[in-house]
Amino acid sequence: MSNSSIPLFLLLLVLCIISASADPYYENSDYKSSSSYTTSRSDTVFSLQVPTLDETTFDNLLSFGYYRKTCPQFESILHNKVKEWIKEDYTLAASLMRLHFHDCSVRGCDGSILLKNDGSERTAKVSKTLRGFEVVDDIKAELEKQCPKTVSCADILTAAARDATFEVGGPYWDVPYGRRDGKVSLAEEAALVPTGHENITSMIEFFQSRGMTVLDLVALSGAHTIGRTSCGSIQYRLYNYKGTGKPDPSLDPKYLDFLQRKCRWASEYVDLDATTPKTFDNVYYINLKKKKGLLSTDQLLYSDPRTAPLVSAFTSTHSVFQHQFAVSMGKLGLVDVLTDQDEEGEIRTNCNFVNAY
Ligand code: HEM
Ligand SMILES: *[C@@H]1O[C@H](CO)[C@@H](O)[C@H](O)[C@H]1NC(C)=O
């Protein structure tokens, strides 16, 4: 590791510590206690207190108590549904987290990924392996019975990603609500979401253009501690990498051998975390140190002086990763949200379609 990265490392460690003490909404890890739905914090208007250089890009119009009067059962309905679905198929947890990332990455967290009209984000090539739509639909259907026309699809997806994370052993964080659903969804915009072939600079720029930092990039990439990829998206690393006629040299030889046997067919699936694929832990980062990152965008995080120190920081302490993941997911959920103040938003009655009225 180059010397020049050391001051950055220290700075970012300090940032981690500051954010650990300044963050008001991450202390509620006792999700099971029913009081977590009714704490006094749910009355306060949300204001972002994690350290960031560009706080002004976030709306402060969401609030923890948003549905308290209109749909107090929202979070418990959602929690039960997410829990049921994941019990039936644990792979849905990863899929819900990814779905939320793709939603927020394009036009902000506005539920635009859920729309099914011709040429929508959902029809784009990068969206082909997205899953979890039926979970959102199921939650929405129940909410329409209990609190019609009240809870947005964008809020449902944001909260579902949080509950899914918690269900598989990840951290818990409180989500402020009041997002409205967008009416515009374009496949060509979805094409901008990273596919795993990018360089670090373009990933950093992608995050920064959404008000997120390098720290958020490294922390949120840790979502790849669970979930899978289709072999098709990594086969180029296995045989003829960048026209060299050889595999990607940044792959551990034994892991390469495993992947060559596992990925004979592009349609096969392979775990993103080679070591503990079902557990939400910091082993994803430990894998990177051992040249066992599956996507090249994962492995690159440990090769670049802007990101490698953060990878190291997350390998050393599990709790630092868990905490930062919660903080960064909180930020992801605020990207370009539509609120009551925005005329272009609505509360969809069916998450798949813009309201007809
Ligand atoms: C930083 C840039 C990122 C890149 C390049 C990237 C790329 C990918 C790719 C290529 C896949 C496999 C898709 C497939 O073949 O089916 C994937 C899966 C996944 N991604 Fe990412 N991702 C990124 C960031 C994120 C973020 C920020 C999150 C969540 C906060 C996330 C969560 C996931 C999850 C959970 C899966 C597994 C999905 C499943 O098993 O259904 N990713 N990602
Ligand atoms: C990174 O990727 C972008 C977009 O493809 C490209 O324009 C840029 O030249 C690349 N940078 C490096 C350092 O390779």
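Predicted model: local features only at pLDDT ≥ 70, side-chain atom pairs only at ≥ 80, totals over all residues.
Student: Which helix gives the largest share of the shell around ligand 1?
Tutor: Three elements each supply at least two residues of that shell: helix 3 (91–105), helix 8 (214–221) and strand 1 (228–230). The largest share is six residues, and it comes from helix 3.

Student: Which residues come nearest to ligand 1?
Tutor: There are 26 residues around ligand 1. By class, eleven are nonpolar, twelve polar and three charged. Those that come nearest are T129, P194, A223, G227 and T229.

Student: How many helices and strands does the chain have, and what percentage of its residues count as buried?
Tutor: The chain has 13 helices and two strands. It runs to 357 residues. The share of them that counts as buried is 44%.

Student: What part of the contacts with a separation of 6 or more joins residues 24 or more positions apart?
Tutor: Take the contacts in the chain with a separation of 6 or more. Then pick out those between residues 24 or more positions apart. They account for 77%.

Student: Are helix 7 and helix 8 roughly parallel or roughly perpendicular?
Tutor: Helix 7 (residues 200–208) packs on helix 8 with the axes 9 Å apart. The angle is about 105°. Angles of 65 to 115 degrees count as roughly perpendicular. That makes helix 7, relative to helix 8, roughly perpendicular.

Student: Which residues make that contact, and how do they divide by class?
Tutor: Helix 7 brings M203, I204 and F207. Helix 8 brings V214, D216 and L217. By class, the residues of this contact are five nonpolar, no polar and one charged.

Student: Is T307 buried or exposed?
Tutor: T307 is found in the loop between helix 11 (296–300) and helix 12 (308–316). Count its C-beta neighbours inside 10 Å: there are 24. A residue needs 20 or more to qualify as buried. So T307 counts as buried.

Student: Which residues is T307 in contact with, leaving aside its neighbours within four places in sequence?
Tutor: Start with I204, 103 residues away along the chain. Its C-alpha atom and that of T307 are separated by 9.5 Å. The contacts of T307, with those sequence neighbours left aside, are I200, V214, L217, V218 and L301.

Methods:
Residues numbered from 1 in each chain as written. Chains lettered and ligands numbered in written order. Near = placed C-beta within 6 Å. Helix = DSSP H or I, 4+ residues; strand = E, 2+ residues; numbered from the N terminus. Nonpolar A, V, L, I, M, F, W, Y, C, P; charged D, E, K, R; others polar. Buried ≥ 20, exposed ≤ 12 C-beta atoms within 10 Å, placed from the backbone. Contact = placed C-beta atoms within 7 Å. Axes fitted to C-alpha atoms, helices over the stretch in contact; angles between N-to-C directions. Parallel < 35°, antiparallel > 145°, perpendicular 65-115°, else oblique.
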